[in-house]
Structures are given as structure tokens and as C-alpha cells.
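Here are a few friendly notes to read alongside the model. Take them one at a time, and keep the 3D view open as you go.

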Amino acid sequence: MEIFVEGIGIIGGFGAGVEGFSAALLNGKSPVQSVFVESEDGQKQMPAFLADTARLDEFVPKKALRRIDHYAKMALLGSYLALEDAHMLDIDRKSLGIVIASGYGASNTTFAFLDTFIEGSDTHSSPTHFANSVHNAAAAHVSIIIGITGPCLTVSQFDMSVPSALITAVNWLREERVERVLFGAVDEYCDVLGYCWRRFFGENDGALVKPFIFDVLQRKEQFSKKSHGVTQIEPFLFDQQTSIPGEGAAFFLLSRKEDSGKKYGSIKGVDTGYRSRLALPDPEHTFFILGADGSRDCGQRYGQQVKKEMNVSSYTPLYGGFPTNMAFDMATACLSIKEGKMYALPTEISCPPSLTIETAEKKLEGSQICCLKLGAQGDSGIITIGHP
Amino acid sequence: MTIKEKLKKLLIEELNLEDVTPEEIEDDAPLFGEGLGLDSLDAVELVVLLEKHFGVEVKDLDEGRSAFQSINTLVAYIEERST
């Protein structure tokens with residue numbers, strides 16, 4: 001039984017909605033912002049891809065959002081945008097399921113709650129923070145605000161959260177438990193993450209950073225003037241740490257039948273596990289989108305698994321490094337199927353000659369697209385999207 | 001900043017009262033139901049807010065109920081227990 005992608009709702013550093021994401025893919029660049037990170041020498045600046053949820057006002061009154069944090073707002077906006085993209089804002093909520101993947105969960109709220117608990121015990125801790133601090137708070141808010149009464153699940157399996165959650169979503173549809181599933185992924189940036197990022201991955205300080213830098217060369221100049229830090233994710237330099245933190249949400253309306261006319265393709269396969277030999281699709285008829293996001297620990301595994309005969313690309317420089325960015329790879333694959341072409345590689349990416357990297361736009365001509373995500377612990381995930 | 005001003009500012013910040021300014025919160029208007037429109041979860045947040053920012057504990061439910069009527073009753077409650 002084929003499972004179709006009827007709508008996509010996506011937000012990240014590039015903006016909100018399929019249009020913004022398509023523009024980033026077509027232009028090969030995405031705006032990066034700066035965050036301030038605590039260090040032993042005071043605050044330091046670091047690049048990050050951050051998401052804005054302002055468009056949520058189009059769907060929900062502000063008053064209804066006052067107890068919803070940024071993490072859940074991203075999920076809620078992703079959900080609405082996916083329904084809107086599929087022209088199904090009036091969908092039957094009873095036969096709609098929700099499956100959400102998250103690696104970090106509501107990290108801002110979790111640490112805010114823990115801080116108040118440490119400072120003044122439970123008497124200083126906000127009950128709203130407590131309720132919002134769990135990973136499945138986003139799914140609960142989506143369910144309540146949109147009024148979805150079908151089954152609701154959150155899956156957290158760090159780098160493999162997305163394929164693991166998608167397996168459940170596909171199973172719900174195949175066993176006809178629901179008519180459609182709102183499947184999505186969400187992760188957020190937080191100060192603690194920024195602190196850890198800098199501590200673990202090194203310096204990236206001192207540069208005077210403009211709030212929105214679209215041009216990669218300008219960005220390099222901004223971030224590297226006084227620092228020796230990272231300015232751009234280099235997905236194919238597997239032995240280097242070049243990751244930039246990101247956040248966002250990517251949601252998909254999945255169905256057993258394709259009604260929307262959007263033709264985002266269908267899910268040909270989804271798998272995750274710890275097998276040393278991956279069952280990858282035939283490279284002759286497949287383009288591969290690598291989830292390599294500049295993390296050296298994971299990068300070394302891509303170096304082992306990616307062969308010369310595989311036509312590979314990567315778009316993580318457009319949305320950043322975070323556990324569930326595989327859902328953004330999946331969105332890229334769906335848009336590529338719709339457009340009938342692989343998008344060109346983001347600008348200024350280094351391409352080692354040992355790999356067969358698709359740098360320019362290329363027609364798909366019937367080929368399918370395999371999103372490949374490799375974790376640092378020997379775990380792997382595969383999502384294959386193809387023509388129905 | 002007076003206790004009243006601080007209280008109004010904290011109410012807006014801690015309860016995320018969107019599109020409300022301190023000037024719009026009337027001193028004698030009901031905080032719950034009509035007026036500001038707070039609910040039972042806000043009441044718990046208010047208990048936390050009073051202890052965290054004013055060092056005032058609300059132990060007696062009946063006492064709390066009368067104190068939570070309006071900004072003026074809350075300010076009186078804080079002043080009574082702060083001295």
C-alpha cells in the first residue's frame with residue numbers, strides 16, 4: 001500500500017512555509033542569525049539557524065497561545081501549514097492521527113523549569129513550565145488547538161527520531177487505524193545547547209554579526225574576521241566539525257490516497273536500525289540526500305558508507321544541525337519529486353573528488369530519492385521518496 | 001516601582017497576557033472570569049508568583065480566594081504579609 005505526501009508545513013531559518021523553503025533551495029542559501037553564548041570570558045556570538053513563528057497569528061488567536069512555548073508553537077505552525085498546503089484545513093479531525101518526532105524536546109522550557117526548581121524548590125516552579133517541559137507537550141497542544149481526536153504519539157530517539165516516528169505513522173495508515181496522519185518533526189535551539197555546542201565544538205567568537213546575513217561570502221567575512229570559528233556547514237568534509245545549530249519544524253500530511261494534487265510523491269521505504277550493512281536502494285536509479293550536518297562524529301560514518309557510485313547531495317547548510325533535520329531532507333525530497341529535479345547544491349560547499357556530488361540542478365527522470373541519516377552510535381535511518 | 005506597578009508587570013510577564021498593558025489592568029476589576037479573564041491554572045501561577053517575587057506564601061485557600069479578587073486586594077494581601 002502506497003502512502004502519499006499530501007501537504008508540507010515547514011519552518012526554519014529560511015522562513016515559514018513551502019514557498020520560503022523552496023526559495024532557499026533554489027537560491028542555495030538561507031539566512032543565518034547570531035546567538036549569544038555564555039563563556040568563561042563573557043558572552044560570545046555564534047551563528048545559528050532560528051525559526052520565527054509569527055505566522056501562527058494567521059491561524060490561532062494570540063490569547064489561545066499564551067501557555068504555548070516556542071517548541072510547541074513551531075509544531076503548531078508546521079501542522080497548520082501542512083494542512084493549508086494540502087487544502088485540508090477543514091479536514092475530519094476524528095480520523096486524523098498525530099505522530100511527532102523530537103530529539104531535544106522542549107529544551108528551553110525544560111531548563112527554565114529546572115532552574116526555578118534549583119533556585120527555590122517546587123514553590124518557585126511554574127506549573128505551566130512543568131506541563132510544557134515534556135517532549136509530548138507539542139503533540140498535545142497540536143491536538144487540543146486543532147481539535148484532532150485521533151491517536152497521538154511523540155517519538156524521541158535522538159538522530160533516528162524521524163524514521164522511527166515515520167514507521168509508526170505509515171503503520172497506522174496501513175492498518176487503517178486512521179484516514180490520514182499529521183506526521184512531523186520539531187527541535188529547538190536553547191542557551192544550554194549553545195553553551196554545550198561552544199564547549200564541545202570549539203571557538204566561534206569575537207565577530208560582529210549582523211542579524212540576517214543571506215550572502216554566504218558576507219557571512220564568512222562576518223563570522224571569521226576575529227575568530228577561527230565555523231562559518232558554514234560543510235556536509236562532505238566528514239572529518240571536520242563544521243556544524244551550525246538549527247531549529248525548526250517540518251510537518252507532512254500523509255494519506256493512503258493522493259487527493260491534494262500537489263504530487264509530492266509517496267513513501268517508498270522507511271527503515272532504521274543498527275545494522276552495519278545498510279540496505280540502500282539501487283544507486284543507479286536513486287539520488288541520495290545525506291543528512292551529514294557537519295558533525296564530525298557522524299561524518300566519519302558517512303565516509304565509510306557513501307560509495308563513489310552513489311549520486312549524493314546535502315542541504316543541511318540551509319537549515320542547520322539538529323537531531324530531527326532528516327525531516328527537512330524528506331521535505332527536500334518531496335519538493336524535488338514535485339518539481340521533477342534535484343536542487344543544486346547550496347552555494348560554496350566543498351566537494352571532495354572521492355564522492356560523486358550533484359552540484360548543479362539535475363532532472364530526476366524517474367529516479368527516486370533516498371534520505372540517509374547516520375548517527376554517531378552506529379544507528380542509521382533511511383527514508384525513500386519516489387513517484388507514485 | 002510600587003508594589004502595584006510591579007504586580008501588574010509581573011502578571012503580564014509570568015502569565016503571558018498577550019496584548020495587555022499594565023495601564024489596562026484596572027485596580028478593582030475581577031482578576032478571574034470577567035475582567036482579566038484568568039483561570040484556575042493562573043491561580044496556581046499566582047501563588048508561585050507571590051512567593052517567588054514577594055516572599056509571600058498563600059497557605060489558606062479561603063484567604064487566597066479573597067486576596068485574588070483584584071489587584072487592590074492582592075496588593076493589600078502582600079503589604080499585610082510583607083511587614
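1. Leaving aside its neighbours within four places in sequence, which residues is A:Ala75 in contact with? In this predicted model, the contacts of A:Ala75 beyond those neighbours are A:Ile100, A:Ala138, A:Val142, A:Gly184, A:Val186 and A:Ala249.

2. Now place that residue in its wider setting. The largest nonpolar core has 114 residues, and A:Ala75 is one of the five that touch the most other members, along with A:Phe183, A:Leu254, A:Ala331 and A:Cys334. Helix H2 of chain A (residues 70–85) supplies the largest share of this core, with 10 residues. Because domain 1 (3–190 + 244–255) and domain 2 (266–386) of chain A both contribute residues, the core lies between them.

3. Next, look at the two domains of chain A. Their centres, taken over C-alpha atoms, are 23 Å apart. Where they meet, domain 1 of chain A gives 42 residues to the contact and domain 2 of chain A gives 32 residues.

4. H6(A) gives the most, with 7 residues. By class, this side of domain 1 has 26 nonpolar, 12 polar and 4 charged residues.

5. Finally, turn to the two chains. Here 11 residues of chain A are in contact with 10 residues of chain B. The side of chain A that touches chain B is made up of 1 nonpolar, 6 polar and 4 charged residues.

Definitions and conventions. Residues are numbered from 1 along each chain as its sequence is written. Chains are lettered from A and ligands numbered from 1 in the order in which they are written. This is a predicted model: local features need pLDDT of at least 70, side-chain atom pairs count only at pLDDT 80 or more; totals for chains, interfaces and linings use all residues. A nonpolar core is a set of buried Ala, Val, Leu, Ile, Met, Phe, Trp, Tyr and Cys residues joined through C-beta atoms within 7 Å. A residue is buried if 20 or more other C-beta atoms lie within 10 Å of its own, exposed if 12 or fewer, and partly exposed in between; C-beta atoms are placed from the backbone. Helices (H or I, at least four residues) and strands (E, at least two) are DSSP runs, numbered from the N terminus. Domain bounds come from an automatic or database domain assignment. Two residues are in contact if their C-beta atoms, placed from the backbone, lie within 7 Å. Ala, Val, Leu, Ile, Met, Phe, Trp, Tyr, Cys and Pro count as nonpolar, Asp, Glu, Lys and Arg as charged, and the others, Gly among them, as polar.
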